[in-house]
Amino acid sequence: MTVSLYQTGVSGLLAAQQQLATTGHNIANVNTDGYTRQRAEQNASPGLNNGNKYTGSGTYIQDITRLYDQFSHKEQLQSQSNLGNADSLQARLSQLDQIMSTSGNAVVGSLDNFYQAVNGVADNPNDSGLRSIVLNQATILSNDFNELTENFDKMTNAVNGEIEQVAAQISDISRELAKINETIMHSNGSLQTGQPNDLLDKRDQLISQLSEFTRVSTVEDSNGVLTVMIGQGTTLVAGITPLTLQVNSGDPDTNKTELRLVSGSSNVAINGESLGGSLAASFEFRDQHLNQARNEIDRLAMAISSTLNDSQASGLDLNGVQGANIFTDINTTQLQQGRVLTASSNTGGLQPQVNITDVSILPTDKFEVRFDGVNYQMSNLSKPSAAVVTLGIPGTGPFDSGLGFEFVEAGLAPALGDTFTLVPTKNSAALMKSMLTDGSAIAASTAVGVTPSPNNISDGKIEILNVTDPEAARIYTNTTNTGLTVDVYESTAFPGTFDYRVFDSANPPPAPPIVTGNYNAGGSAIVDLPPSPAISAFQIEIKGDLVGSGTNAREEFTIGDAFGSGNSGNALIMAKTQEIGVTNGGQETFSRSLAVSTSVVGSKASNAELSADTAQALFTQAYNRNQATSGVNLDEEAANLLKYQQAYQAASQIISTANTLFDTILSAVR
Amino acid sequence: MRVSTAQFYLQSSQQMSSKSADVNERMAYLTSGKRVLTAKDDAVSFSTLSGYKDDLANIEKYKRNIDRAESHNNLQEVVFADAELILDKIKQDMLLANNGRMSTEDLQALASQVRSSFDQLLDIGNTQNENGDYIFSGYQTELQPFSQKPDGSVSYGGDTGVNELQVAKNINIPTNQTGDAVFMTVANAIGDFTANYTTNTSGVAVESANINDRGTYNTSPLPHDYTFSFDAITNDLTVTGSGGIVFPPAPYTAGQTISFDGIDVTLSGNPLPGDSFVISEQEEVSIFETINNAIAWMEQGPVSVNQEQHQVDYNTTLNQLNSAMNHISSRRVDSGIRLQVLESQKDRHLDTELAVSANKGKIEDLDFAKAISEFEQSKIALQASQQAFSKVQGLTLFNYI
């Protein structure tokens, strides 16, 4: 009996010791990340049967378990992924929003200054100082675009760098997890019993770190080995075998790096955007938001360049020469080639180019052209639901896509399955440069002008449109002919129709006129001059009810040379391009286009902020719930210390009582 | 619900950092005075705000252009006022010259006065603006528009170009008038023809000669010179054109309108038999030609033979001078009208600017009262969280055991 009392006491002592140790462990690890508090499970020892009753024989510690709620832990993992995603996206979008707003403001300012200078030239066309100011402002404008592009490039590099870092970290975590799995497996497989709590904690901590980078789900097998899957179910740690993540440069766009899952000697591509967590946010930001903003800025640069270049080309500079490009031509060979990315898997030798034909309808989407053996097929990568367009058979190019650009073949023939990625807007902002150095090259003067006869009696006018070759227009009007006369009158045979004739002023009818024609009341007639089959240098539009006083008294207009150093007609037209819509089907002016792009980014950033706040709140809730079960509370542990201390003291009292009893018995039998 | 120690510290630190981030943000707004710093602050209003900023920039542009156009048109108005004065002086001299008791020396003195007025007018025609550009040359602002030939006539060397400036979205205002339009194309006081008198014993003059049917006129044979002759015996009027007789001989009654080839002619005075004159097409007469005619008339001195013709010439020249003065006045009115339009546009723009600025301010400007009270609030929240933390963090059972 006494013996069993000893044993009981000792068992209580040992139990109390273990409990104290566990409590001490908890207190020591109060600040350890991911630590789950442990508890010694105390069980009563089974009673010994002596006769017809069971006498209890003390206590034992069955196991030291950790207080772990797997459901709340899973919830925390999930909300941690969402938080990682939302935080990363918010930080990046805020940065992009800053860049767009500040650099965007700079561009709007430069644009305004440029047009101010053009208006100055419209007032005083032969002032060379004002002309050089225009060129200065043009340089500043193109520099602003270059800088904006550089900022985008820096952001891309930063995101790519982060992706690489995260991939390396994930690979490290994967290896660690595999090692821990192995250790746990061995500890479970041998005759050791009990849970390796701290190893489990370490493993959970690693998984928690992983969940910030991607979405994580786990499956535990009977040996306690955890298989870890990331994203939509891609296995990262298969039991004790780790797989790693590798970053490869993209194909065909090398800046669009890709993730690959490496296992032994083989690797498989992973779609970064479906991984969840901050990795997905990085990919989403780089491939969607940053790309979109960059394409829109590129398209704006292209619109500005081509509009101003066209304005220049329809006028004459101070030397009577057709205005040269003021900004880089949007269809230089370098730009045309840069718009097409060739997949490295292509076997054919085709090196295609993209030629822009109409900036106003150009989209910011990305396209893919594939040679299926017979035709080129073009699909829209940004809008997968759009129909596939058949461009045509190789050799019959260039192919008009109907979206403002052409696919131009160059180099050798394509092979079956060759794919090309087209980004029509690529590089326009980066390569935008101001081309003119001499102020007299600004084409402020118009080439030809219309003078109505003072004897005209009706309402109506003739306007000059579409001057494509101002020098030829002048020569045709003044040299080939001695001025052109256009006369119009209302047809007597068909009232409501107006007949017109265009002829050389020195060679009036009955000599054959250059062009004749008619138009209906309320309409107008557009005449190419010189008429086909010659190449049209300019067009005139005859409109209005030019009734005239009769067949022999028609309304007359003379078209003559208008060039002069004091002519600022073309500068006026150029200045007006600030207010005409160019992009988006001709609806948005330049500054409006920029404002739209900026506010799109701003609203994305603002939404991301809201999402981040929500995600943070959800994560905090999940964390709290998890901590409610697993977290260490110092006050509780302090109380436990006292509790187990007392138990220890009481148990030692048992031993001392047992000792006293033994002494008593011993002294009784002496 | 159980709260772990780690949770407590995490929550406190999170709250404190979020409160101090809040304070920071509010400070940024306060120091800039703007509610919308980047598009993120109010994405929906941002594009409206950009629209307002664009409008304001455009209005600035228009105001600048208005100022420039005003300075051009002001210069023209001043120049025209000078021209009007000169023409008036010439007219006065011309009126004086018709006094029958003027001697040759007097007429020569008048003629040289008119000559110096002519030179002044020529100089006005060649006015240059502050940049050295000739304002009446059209587009050829580096070329002097008017030059006098050795025979005294003045030719125009510029072109017919008119420059414009944009002063509102759809309004362009011309900034110059061509020398051609101002000085060379004065309407002929008679109509569309001038008369050249071969024999004029009666003092008959062409009062008006207008083309009223261009269709018929354009198909009549060229050149359009018509000879009016009054029969030496019957005093019947015959008009002969290039293709033959267009008005068969018929007696002429005073005040009768003579029509032929789409032209209507009226004469003044009573023609005598034997009178004849030729009318040729001239729709516009240059001012310089008129003044030269006046000088030539004066330099003839007192005339004793063919005084009727002399008087007819005088009347023609004086009428043409009046026509020239009206013409210059009209040109001055043109500049005046443009200045008026510019003025009203400027007022319109100022009004619009005010309205747009107000709207822009509503979106962009910070409501300082609200912002400051929000800033105070977030400051207090931060302080409260800091104090709460310091009070509570010291509470632990370990202090008591």
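The radius of gyration is taken over C-alpha atoms, and the globule rule is 2.2 Å times the number of residues to the power 0.38. This is a predicted model, in which local features need pLDDT of at least 70, side-chain atom pairs count only at pLDDT 80 or more, and totals for chains, interfaces and linings use all residues. Residues are numbered from 1 along each chain as its sequence is written, chains are lettered from A and ligands numbered from 1 in the order in which they are written, and side-chain values use heavy atoms, with hydrogens and water left out.

**View 1. Chain B is set against the globule rule.** For 401 residues, a compact globule would have a radius of gyration near 21 Å. Chain B has 41 Å. Its C-alpha trace spans about 155 × 50 × 30 Å along the principal axes. Chain B holds 8 helices and 14 strands. Both are DSSP runs numbered from the N terminus: helices are H or I with at least four residues, strands are E with at least two. Of the 401 residues, 45% are buried. Buried means under 20% relative accessible area, exposed over 50%, and partly exposed in between (1.4 Å probe, protein chains only).

**View 2. Strand 8 of chain B pairs with strand 9 and strand 13**. Two strands pair if DSSP finds at least two bridges between them. Strand 13 (residues 276–281) is joined to strand 8 by 5 bridges and runs antiparallel to it. Here B:Tyr226 has B:Ile279 as its bridge partner. Strand 9 (residues 236–241) is also antiparallel to strand 8, with 4 bridges. On that side, B:Ser229 stands opposite B:Thr238. Strands 8 and 9 form a hairpin with 5 residues between them. In the turn, B:Asn235 has a positive phi of about 60°.

**View 3. An open sheet in chain A is built from 4 strands**. The order is 5-6-7-8, and the pairing is antiparallel. Strand 5 (216–220) and strand 8 (241–242) stand at the edges. Each has a single partner strand, so one side of each is left without a neighbour in the sheet. Strands of a sheet pair through backbone hydrogen bonds, either parallel or antiparallel. In chain A, 5 bridges join strand 5 to strand 6 (residues 226–230). A:Val219 stands opposite A:Thr227 in strand 6.

View 4. Of its 670 residues, 50% count as buried. Contact means heavy atoms within 4.5 Å. Among chain A contacts with a separation of 6 or more, 68% join residues 24 or more positions apart.

**View 5. Charged side chains are placed in each chain.** Lys and Arg count as positive and Asp and Glu as negative; His and the chain ends are not counted. Each charge is placed at NZ of Lys, CZ of Arg, CG of Asp or CD of Glu. Chain A has 35 positive and 67 negative side chains, with the centres of the two sets 10 Å apart. Chain B has 28 positive and 51 negative side chains, with the two centres 23 Å apart.
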